[in-house]
Amino acid sequence: MSAAGDLALGVRLSVAGGRSGWLRLTLIAAGVGFGVAMLLLMAAAPTASTNRQQRLADRAMGVTAERAGPGTLLALTTQTRFRDEAVRGRILRPEGDRAPVPPGVDRVPAAGEMVVSPALAALINGPGGAVLGDRWSARVVGVIGPRGLSGPDEVYFYVGSGTLTRDDGAARITSFGGGAAPVTDPAIVVLVVIGSVIMVLPVLVFVTTAVRFGSESRERQLAAVRLVGADAAMTRRIAAGDTLIGAVLGLGAGGLGFLGLRRVVGGLLPVDFSPYPSDLRPVPILLLLIVVLVPVGAVLVTLAALRRVVIEPLGVVRQSGARRRRIWWRLIPPAVGAALLYPLLDDPAGSEAQLAAGVVLLLIGVVVLLPWLVQAVVRGLGGGSVAWQLGIRRLQLDSDTAVRSVSGIAVSVAGIIAIQGILAASVAANNGVQPPDDRFQAVVYTNGADGTGWEAALVGTPGVRQVRTSGYAELRQDGDDQAGVTVRVGDCDTLRQYAPLPSCTDGDSFAGTMSGWYQTTVLPPGASVGVYGTDEKKPLSRWEVAAGLPVVEQYTSDAGPVAFLATPSALGIRGGLPVDAYLLRLDPADPDAIEHVRNTMIRLDPAAPLQLFGDDRVGNQFAGARQVAQACAVLLLLFIGASMLVNVTEQLRERRRLLAVLAAFGTPRRTLSAAVLYQVAVPATVGLLLSVIVGSSLSAVLLAATHGPVDLDWPVIAGITAAVAAMVVAVTAGSLPLLFRLLRTQELRSE
Amino acid sequence: MSPPLLAAEDLSKSFGVTRALNGASLRVSPGEVLALTGPSGSGKSTLLHCLSGILAPDSGRVRYDGRELTTLTDRERSALRRREFGFVFQFGQLVPELTCQENVELPLRLSGVRRAGARGPAAELLARLGVSEVAGKRPGQVSGGQGQRVAVARALVTGPRVIFADEPTGALDSRNGEQVMGLLVAAARERGSAVVLVTHETRIAAFADREAVFRDGAAVERQGAR
């Protein structure tokens, strides 16, 4: 028979295997399909990101004009918040009848009108949304279409104005878009590369596991084919055909699964990442790779598995005795990875590609080193109870199957530890000293605007209990010195809103720092400087920096640190200091107090920054990313656990007769259960140790490369260790029903 | 007539619609070698499994040394099999990960004997059965005949009062089969163990003191085998 004929026979055998054959084929197709759906989603991520960035670029302000004309539009970008949601948008005022229209809307909203994204409409129409609807004093007249939004969940608006001027900070434009899509932060690229590797490898491991579902029954089938005259090469081709049909069906199932998943995946991601379903189109080259490599890889996995099995006409013989693995070539990827990463410890600038390549090679190193390491470790183990002996000896004889699943754990955990380390350091860098509970809750900055009437408006806002003002000045050595050093000015109670002060009386001053910020401009003790307010020519006073000023760490703030904090009398100021900040104490009984303040500020100055203390956005973003990483870790472990369970149950089925014999001569169930536990736990522990070492090293390198403090996230490592331990126990527990079923004696029957 | 060590009374057992045992009764005396013979599907192996407490019959009783096996829990029957019974199966079914020596030690270790204590008896039996040279090898590295002798050693190592052998020579050629059978019966007699042997080969049944021929799930004829 020709090679094609052999393949076709394999396909026929696969689909003609009766109910059990179809069940096996369904399992393979479902397993491969699940993996393929995941791979397609990952392959679609770059397109989704590009489309999103392109839409953001298309709605960016385009060409600006100096003079008003029929084709000009005044536009002011503004941002507010509603509860935990960032609400972004633009205030628009057309200056002529040919003013550019932003993408996603039919016309520029007139004064008193606004168009909103579906997500914002849902917020306004949702519970408690009325207070948000009042913010702009505008009527919602339409919905922004997908072309004008970064994603389906973006909270965005355009509001028409009849009074907006350039003095409000608005830009005069003649078009939207036209610029290039923004370049992604290289640090994000590194995170994405690591994330992709740690997501793809377990999926590939799962796919290679799935194509081996029911391999024992296939081998029996092949033995029967041998009996009627097939030679060994024909047998391999028949097996390839059998696998091929499962993989191809899996590809189809995966494609359908992907089409279904892309409708729901947006809802599972944070707002800033959620794509439209139509954004999720796999990159053509990646799609081609998946379509070609999944079936080819499946066939290769099957053929590799058959290398250790001799299929004879009268049955199947498994080759026993583990071949000794060589280490030399396994050291190449991690060594090259380390060589690429090492120079970055000293000079990380402009080396993202090198960093990403080093990280990927190091993670691949985990995959290739693990089989050698597991074999070396189990070779040295011995003694112990019967259960330990049975489990360890099994691994000594064949650790391949266990290692296949565990390599998924190892690379994922290493990557997760690395990512978590970076994120933890970022969170730590953004968490400084913690403010007291009785701190004012919010602050509004004038940001250079004239704040006349603001204090009264804020005092009259529902939910505001107290308003306190604070001043701001620049310290310059002379009038032309533009590199001003900032000083926050206020009485002791006001200054305590910015930093914990050891003690403070009128006339005191302090040097300030802030966690996560570098103070680039400092004045030495004894320096004599002018204190400048709004008048850049005439200082309010002169001040000599005292020696031994107490250094205080300011509470973390998006506004960043000031170099000094001082009471007015310390600086010798007697009035005339411009107020730039209004500190607000809110009514804790009114949950919408801050929303009322936001409404007030939209009326006073939509561009004025309003910061909610305790709403440390940068830190929150990283904390959110950490939560996403932790959720991914749990998902990955579930994935890996499923692979391990499949492998363990396959092994148990292969050993059904032996298990029945062990049961016959009275082996307690707990002994066999413990043996299964050891078979799962020992490779998992070795994999975990390797991944903690590699992941921590990687984390240290990445932190050093980003100038972060090198500090390993032990709680995360402990958490992942506990999760892996729980997974090992769960896999063992999941395999016990089958184990107990196989201990029945039907397997003993020899007739 | 001495009281039987093991007795089955009116056993019935079905698997789905297939009736494997149909009122089978049998007695095994201490130290006796009993062959259960008969055509395929006649219920020999099922009876052996019921006698050894591996299977519970649908009806009827199995008594061992005065105890009713069918009233014992699974745990109690497992403990009984560990302590009092030995097993040999057609393909030996040695644990492939363990060496032959460790396979023979296994029943002792399951009974709580420490490894050092199990080593001597296991080595002694391997020598007695002429397979000392394979002690350190894994089952996959020895011949079928050697493997089956190791399985016999494993069945004998705890000094069982009854050895159950289900087609113990079925996978061996006639010369090897007879050698293994001879060793099994001789070693059992030395230790005073009874042997319940399932076989369809007349020359193997000839090693028994007595033969029970099975047909349609019941022993229909008894005769002296030797």
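Predicted model: local features only at pLDDT ≥ 70, side-chain atom pairs only at ≥ 80, totals over all residues.
Residues are numbered from 1 along each chain as its sequence is written, with chains lettered from A and ligands numbered from 1 in the order in which they are written.

Chain B holds seven helices and ten strands; these are DSSP runs numbered from the N terminus, helices being H or I with at least four residues and strands E with at least two. Of the contacts in chain B with a separation of 6 or more, 69% come from residues 24 or more positions apart, a contact being two residues whose C-beta atoms, placed from the backbone, lie within 7 Å.

Helix H1 of chain B spans residues 44–51, and eight of its eight residues are buried, so the helix is largely enclosed by the rest of the structure. The buried residues include Lys44(B) and His49(B) as well as Leu47(B), Leu48(B) and Leu51(B). After H1(B) comes Gly53(B), with a positive phi near 80 degrees.

Next come the helix pairs of chain B. Helix H5 (residues 144–156) and helix H6 (residues 174–191) of chain B pack at an angle of about 15 degrees, their axes 10 Å apart. Axes here are lines fitted to C-alpha atoms, for helices over the stretch in contact, and angles run from 0 to 180 degrees between N-to-C directions. H5(B) and H6(B) are therefore roughly parallel to each other, a label for angles under 35 degrees. On the H5(B) side, Gly145(B), Gln148(B), Arg149(B), Val152(B) and Leu156(B) make the contact, and among their partners in H6(B) are Val180(B), Leu183(B) and Arg191(B). The residues of this contact split into six nonpolar, four polar and two charged (Ala, Val, Leu, Ile, Met, Phe, Trp, Tyr, Cys and Pro count as nonpolar, Asp, Glu, Lys and Arg as charged, and the others, Gly among them, as polar).

H5(B) also meets H3(B): their axes come within 7 Å and cross at roughly 25 degrees. That makes H3(B) roughly parallel to H5(B). Cys100(B), Asn103(B), Val104(B), Leu106(B) and Pro107(B) of H3(B) touch Val150(B), Ala153(B) and Arg154(B) of H5(B). Here the tally is six nonpolar, one polar and one charged.

Over in chain A, six strands form an open sheet with mixed pairing, in the order S4-S3-S5-S2-S1-S6; strands pair if DSSP finds at least two bridges between them. Strands S4 (139–143) and S6 (171–173) of chain A stand at the edges with a single partner strand each, so one side of each is left without a neighbour in the sheet. Neighbouring strands are turned by 30 degrees against each other on average, direction ignored. S6(A) pairs with strand S1 (residues 73–82) of chain A in the antiparallel sense over three bridges, and Leu73(A) stands opposite Ile173(A) in S6(A). Helix H3 (residues 118–125) of chain A lies across S1, S2, S3, S4 and S5 of chain A, running at about 145 degrees to S4(A).

Finally, the two chains touch each other through 27 residues from chain B and 21 residues from chain A. On the chain B side, H1, helix H2 (74–84) and helix H3 (100–110) are the elements that give two or more residues. That side divides into eleven nonpolar, nine polar and seven charged residues.

Terms used: Buried ≥ 20, exposed ≤ 12 C-beta atoms within 10 Å, placed from the backbone. Parallel < 35°, antiparallel > 145°, perpendicular 65-115°, else oblique.
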